[in-house]
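Here is a short report on selected local features. Please keep the sequence and the coordinates at hand.

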Amino acid sequence: MGEIAMTVNGKEVAAEAEDRTLLVEFLREGLGLTGTHLGCDTSQCGACLVHVDGALVKSCAMFAAEAAGREVTTIEGMAGKDGTLSPVQAAFRDQHGLQCGFCTPGMVMATAALLQEDPAPDVPRIRAYLQGNICRCTGYHNIVRAVLQASGQDPDRALAAE
Ligand code: FES
Ligand code: FES
């Protein structure tokens with residue numbers, strides 16, 4: 001047990017954790033940031049995705065201690081301070097890219113990372129990139145539409161070209 005400090009959503013934070021505490025547990029239980037979801041705990045569902053130093057990371061597959069001193073961004077850090085949704089979040093809302101919402105934080109974090117790498121991904125690239133994100137509700141179609149909107153593409157046109 002010891003104190004672990006890191007920057008989360010632009011704020012320096014610290015909390016007690018054990019060596020084996022996972023980053024997802026640290027965020028949820030140590031810091032109360034419950035927007036990051038724990039779905040499978042075995043690195044298969046993508047619900048726990050966050051950014052660590054700008055890279056997409058499954059927070060159930062990283063110890064909190066490994067994130068010490070680093071910059072972590074969670075879903076709580078995506079909207080503006082006044083609550084304005086980020087373009088990715090707004091696109092998920094507009095395109096009905098969520099139902100129960102359990103997978104949505106991970107989907108949003110993955111989409112943001114994808115658009116950093118590839119600002120205008122085509123449909124196969126979107127589907128391939130989100131393969132590690134499981135959604136039990138939507139059938140993925142509206143999620144793909146949301147990513148297309150977030151990247152400034154016309155979802156109808158891009159999907160018609162498939
Ligand atoms: S909870 Fe981390 S991938 Fe499922
Ligand atoms: S919206 Fe329910 S799991 Fe994706």
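What covers the buried residues of α1? Strands do, among others: the cover includes β1 (2-8), β2 (11-17), β3 (49-52) and β5. The model is predicted.

## Helix α1

Helix α1 spans residues 23-30. Its buried residues are Leu23, Val24, Phe26 and Leu27. Viewed down the axis of α1, the buried residues fall within an arc of 165°, so they line one face of the helix. An α-helix has 3.6 residues a turn, so residues three or four places apart point the same way.

Gly32 follows α1. The phi of Gly32 is positive, near 75°.

## Cys60

Cys60 sits in the loop between β4 (55-58) and β5 (71-73). Is Cys60 buried or exposed? Its relative accessibility is 9%, so Cys60 counts as buried, the cut-off being under 20%.

Leaving aside residues up to four places away in sequence, Cys60 touches Leu22, Val24, Leu38, Asp41, Thr42, Ser43 and Cys48. One of these, Val24, is also a buried residue of α1. Ala79 lies 19 residues from Cys60 along the chain. The C-alpha atoms of Cys60 and Ala79 are separated by 23 Å.

## Ser151

Ser151 belongs to the loop between α5 (141-150) and α6 (155-160). Relative accessibility here is 14%, so Ser151 counts as buried.

The side chains of Ser151 and Gln153 are joined by a polar contact of 2.9 Å. Beyond four places in sequence, Ser151 touches Leu115, Pro119, Ala120 and Pro121.

Conventions. Residues are numbered from 1 along each chain as its sequence is written. Chains are lettered from A and ligands numbered from 1 in the order in which they are written. This is a predicted model: local features need pLDDT of at least 70, side-chain atom pairs count only at pLDDT 80 or more; totals for chains, interfaces and linings use all residues. Side-chain values use heavy atoms; hydrogens and water are left out. Helices (H or I, at least four residues) and strands (E, at least two) are DSSP runs, numbered from the N terminus. Buried means under 20% relative accessible area, exposed over 50%, partly exposed in between (1.4 Å probe, protein chains only). Contact means heavy atoms within 4.5 Å. The arc is that of the directions from the helix axis to the C-beta atoms. A polar contact is a pair of N or O atoms within 3.5 Å; within protein, one must be able to donate a hydrogen and the other to accept it, and residues adjacent in sequence count only if both atoms are side-chain atoms.
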